[in-house]
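Here is a short report on ring contacts. Look at the aromatic side chains first.

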Amino acid sequence: GLHNRRFFERELTREAERARRFRRGLSLIILDVDHFKAYNDSFGHRAGDEALRRVAVHLADAVPRRLDAVARYGGEEFVVLLAETDIEGAHLVAERIRRSVESSNEFRRPLTISAGIAVMQGDDGDAEGLVLRADEALYQAKREGRNRVCAAPRA
């Protein structure tokens with residue numbers, strides 16, 4: 001029930017231009033399900049698909065504002081685009097999602113997510129840079145042990 005990557009890319013371009021024009025914040029969270037390949041290998045692809053659907057519900061529940069966009073980015077990665085949101089607000093949303101997935105008992109075994117956050121404030125960056133910085137923050141979360149949220153430094 002989430003948007004797809006094509007929708008996200010259009011929305012990202014539109015929101016980045018709006019953030020620059022009105023000098024507002026725009027935050028991006030990239031999330032990845034930790035050790036998802038092992039989950040798929042243990043329980044099969046149908047169980048993996050069901051787990052991704054359930055993670056998507058956790059994301060949608062944690063991001064109730066209509067002006068925000070939640071999308072499947074690819075594989076077991078998801079993105080959340082938060083309009084007019086600073087780093088503190090994005091961190092709160094990412095942590096809410098992380099805790100929700102971690103505490104859920106609806107998976108065949110406990111699942112966790114790692115998240116990377118980046119923020120664009122006004123004209124201090126662009127859409128592509130925002131994605132690159134959020135992706136680097138995600139990999140920092142993975143390197144630091146997974147099941148955590150890391151934020152990229154400002155552009």
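## Basis

Helices (H or I, at least four residues) and strands (E, at least two) are DSSP runs, numbered from the N terminus. The model is predicted: local features need pLDDT of at least 70, side-chain atom pairs count only at pLDDT 80 or more, and totals for chains, interfaces and linings use all residues. Residues are numbered from 1 along each chain as its sequence is written, and side-chain values use heavy atoms, with hydrogens and water left out.

## Edge-to-face pair

There are three aromatic pairs in the structure. Rings of Phe, Tyr and Trp (its six-membered ring) pair if their centres lie within 6.5 Å; planes under 30 degrees apart are stacked, over 60 edge-to-face, the rest tilted. Phenylalanine 8 and tyrosine 73 are edge-to-face, because their planes meet at 90°, with centres 5.7 Å apart. This pair joins distant parts of the chain, 65 residues apart: phenylalanine 8 lies in helix H1 (residues 5–22), tyrosine 73 in strand S2 (residues 69–74).

Phenylalanine 8 and tyrosine 73 are both buried, that is, under 20% relative accessible area (1.4 Å probe, protein chains only). The charged end of arginine 5 sits over the ring of tyrosine 73, 4.0 Å from its centre. The criterion is CZ of Arg or NZ of Lys within 6 Å of the ring centre and within 35 degrees of the ring normal.

## Stacked pair and cluster

Phenylalanine 36 and tyrosine 39 are stacked: 6.0 Å centre to centre, 10° between planes. They are three residues apart in helix H2 (residues 36–43), so about one helical turn separates them.

Phenylalanine 36 is buried at 6% relative accessibility. Tyrosine 39 is buried at 2%. Ring pairs link Phe36, Tyr39 and Phe43 into a cluster.

Notes. Buried means under 20% relative accessible area, exposed over 50%, partly exposed in between (1.4 Å probe, protein chains only).
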